[in-house]
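Which charged side chains pair up here, and where do they sit? This report goes through the salt bridges of the structure shown below.

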Amino acid sequence: MAAGRYSWCGAYSTSSSLTRISSPAVTFGPKNGINCVEAFAGLGLDTFLFAQTIIWVKGAYPDYAISPGLITLTGNVSEEEKLRRNAFYASQGFQFDWQDAAQRSGLYFKDKVSRLLGVWDKEHIQEVGGEAMLQALAQQDETRAALEDKVNRLESSCSSMKSALQRERNTSQILMGVLIIGVMLALWALI
């Protein structure tokens, strides 16, 4: 295989393990990556896919360097979730260079692809059948349709409110004009 734009896709939560090969380095990313459907969370798929990515890269480019990747935690994240994230990368052989003492953000790295592990817990992985995938897709489609309907209703409501506001402004301007004319006539009558 010649160096080029080969990729294998996997996912860990909101971090993707999409691999980009650019001679002589490998990059795991992008930062905002692929999200896993909640129905498939906790099935071990994240570790399996990341390990498969590493195994593929080790077989194709064992002597390539690894470009450091950025990992961050945003919002209120529990200590357990932070430890799970760190263990996920450490279990594959990555090292860390933390940017803060709380280990909320930092770089994960390794000097050479061949030094990564590419391991997963076979006992933890659960098979996902086609029916479950189809049900998850149908549920996502229903959720998307419900959200689109809600957005359409809100946009319609917003449009009708803007129309009502414009009518009120016009009425207010007409009444102001009538008031000014009335005041002018009253002043003219007094003179």
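E79 and K82 lie 3 residues apart in helix α2 (residues 79-90), so about one helical turn separates them. This is a predicted model. The two side chains form a salt bridge, with the closest N and O atoms 3.3 Å apart. E79 is partly exposed, at 48% relative accessibility. K82 is buried: its relative accessible area is 12%, and the cut-off for buried is under 20%.

Helix α3 (residues 130-190) holds another pair, R144 and D141. They are 3 residues apart, so again about one helical turn lies between them. Salt bridges that share partners join D141, R144 and E148 into one network. In the R144 and D141 bridge, the closest N and O atoms are 2.4 Å apart. R144 is partly exposed at 40% relative accessibility. D141 is partly exposed too, at 39%.

D111 and R115 also meet through their side chains in a salt bridge. The N to O distance is 2.4 Å. D111 is partly exposed, with a relative accessible area of 46%. R115 is partly exposed as well, and its value is 46%.

The table lists these pairs by distance.

| Salt bridge | N to O distance |
|---|---|
| E79 and K82 | 3.3 Å |
| D111 and R115 | 2.4 Å |
| R144 and D141 | 2.4 Å |

How many salt bridges does the model contain by this rule? The count comes to 7, with a side-chain nitrogen of Lys or Arg required within 4 Å of a carboxyl oxygen of Asp or Glu.

Conventions. Residues numbered from 1 in each chain as written. Predicted model: local features only at pLDDT ≥ 70, side-chain atom pairs only at ≥ 80, totals over all residues. Heavy atoms only, no water. Helix = DSSP H or I, 4+ residues; strand = E, 2+ residues; numbered from the N terminus. Buried < 20%, exposed > 50% of the residue type's maximum accessible area, 1.4 Å probe, protein only.
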